[in-house]
Amino acid sequence: MVTGSLTGEVSACKGDASVPRVRWQEGPDQKAALWRSESGAPPPRRVELAGDATRAAVAFHQACEGTSLVYRGDYRNARQLLAAITRRLEERPPSSATGDLRAAFQAHRQHQSTVHQVLSRLLVVLDGSYELELRRAPVVSEACLEVWGPGDGSSAVSLRQLVGMIGAHEWRRSGVEVAALGGRVHPHYGVSARIRGEYVDLVADAPLRRAARAFDLGTGTGVLALVLARRGVAEVVATDSDPRAVACARENIARFRLEKRLRVEQRDLFPEGRADLIVFNPPWIPAQPRSPVERAIYDPDSRLLLRFLQELPEHLSPDGEAWLILSNLADLLGLRPPGLVAQTSAAANLTLRGQLSTPARHPRAQDREDPLYAARSREVTVLYRLGLRGSSTAGR
Ligand SMILES: C[S@@+](CC[C@H](N)C(=O)[O-])C[C@H]1O[C@@H](n2cnc3c(N)ncnc32)[C@H](O)[C@@H]1O
């Protein structure tokens, strides 16, 4: 049962502009909490209370029209309310009847964005030790500590994000089996955990000439750097621009006791020097990321891909080889001009020595209900083998 006024004002804290706060009215009390949003969304402006007696239809309507709801009551009821709002959103999928895959992709992303915004409006409050202020709530302090570090007063977060953090905590604990490694990789929250067997297997199987030193760019969990070490590369320098990925890759490398041969640096693309083998699995889709974790998936205007190809000759040993891993999904969706890799490589004095490819095996490639099924069902993952034009091993 929720008591108190159902309206409240929220604004960023005036005292410290770098710490956004949510404010709301609860009975006679003005409440405030640190605002935690992974996507960097500003604190909500309109906040009311919800609780065990709140009907899903009412909460759905409020969330759709921009009101955030601080849940007070039972944790499981809060989860049920979130599930009920999700079901209502799923009843209105975007229409893709025109057969235009690019338009279908854009409608799909717009729908995902709306879903994210609406679902992010159901909020829960945690105290300074990350205990949820809800009955029958699970212990979430470890998951919160991993993502946010030590607490500092109470926090407000969307229940959806918190559920994601709990799932990520479990994943980080149990890890993901990677057949090519004969072991498990442990992803951290916010780090690309979509470790698909098909691209890992391409890196595990591609013909490897002697390579004393390799780079793994955008290493994420460190999975491909680990595969290279397993294949006998003596020294691997892995980079990632995201500090969470750097911490995650270091932890995984330590679990495999490979710290002496694998080093991780926080960097924009290339480390110092040259390497005999440079591996890059970039974000595959040319579109704007909407949150930090989406930087692993979306590369606006293929800028990162183009920079990689243009800067590659400065970092490759004279006889070295680069393995660029890319899915053709963006080409099938009409988001990337056909032949972009070949043309940019040729302009950068690179030659294509060969390519390995494999059909996508993820479940969405088989899901006929998926709005992008026509493209996903034809998706192929490709490993391009690139060398410097005129090198002695060109064409091998
Ligand atoms: C598709 S994920 C690949 C992760 C991992 N290599 C794998 O194969 O599972 C792309 C990675 O590139 C990283 N990244 C994005 N922009 C980058 C940049 N400018 N420099 C270095 N890494 C970057 C992201 O943080 C992400 O970890």
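**A tour of the aromatic rings and the ligand site**

Begin by selecting Phe270, Phe280 and Phe308, which form one aromatic cluster in what is a predicted model. A search of the whole structure finds four aromatic pairs, and two of them are described on this tour.

For the next stop, select Tyr199 and Trp284, an edge-to-face aromatic pair with 6.1 Å from centre to centre and 80° between the planes. This pair links distant parts of the chain, since Tyr199 sits in helix 6 (residues 197-205) while Trp284 belongs to the loop between strand 12 (275-280) and helix 9 (303-311), 85 residues apart. Tyr199 counts as buried at 6% relative accessibility, and Trp284 counts as buried at 13%.

Return now to Phe270 and Phe308, whose ring centres are 5.9 Å apart and whose planes meet at 5°, so the pair is stacked. Here too distant parts of the chain are linked, with Phe270 in the loop between strand 11 (262-266) and strand 12, and Phe308 in helix 9, 38 residues away. Phe270 is buried, with a relative accessible area of 6%, and Phe308 is buried at 0%.

Then show the ligand and the 18 residues around it, of which Tyr199, Gly218, Asp240, Asp268 and Asn281 come nearest. That shell divides into seven nonpolar, six polar and five charged residues. A polar side-chain atom of Tyr199 lies 2.5 Å from an oxygen atom of the ligand, and a side-chain N or O atom of Asn281 is 2.7 Å from a ligand oxygen atom. The ligand taken alone exposes 600 Å², of which the protein buries 92%.

Finally, select Arg109, which lies over the face of Tyr298 at 3.8 Å from the ring centre.

How values were computed:
Residues are numbered from 1 along each chain as its sequence is written. This is a predicted model: local features need pLDDT of at least 70, side-chain atom pairs count only at pLDDT 80 or more; totals for chains, interfaces and linings use all residues. Side-chain values use heavy atoms; hydrogens and water are left out. A residue is near a molecule or strand if one of its heavy atoms lies within 4 Å of it. A polar contact is a pair of N or O atoms within 3.5 Å; within protein, one must be able to donate a hydrogen and the other to accept it, and residues adjacent in sequence count only if both atoms are side-chain atoms. Accessible areas come from the Shrake-Rupley method with a 1.4 Å probe; for residues, only the protein chains shown count as cover. Ala, Val, Leu, Ile, Met, Phe, Trp, Tyr, Cys and Pro count as nonpolar, Asp, Glu, Lys and Arg as charged, and the others, Gly among them, as polar. Rings of Phe, Tyr and Trp (its six-membered ring) pair if their centres lie within 6.5 Å; planes under 30 degrees apart count as stacked, over 60 as edge-to-face and the rest as tilted. Helices (H or I, at least four residues) and strands (E, at least two) are DSSP runs, numbered from the N terminus. Buried means under 20% relative accessible area, exposed over 50%, partly exposed in between (1.4 Å probe, protein chains only). A charge sits over a ring if NZ of Lys or CZ of Arg is within 6 Å of the ring centre and within 35 degrees of the ring normal.
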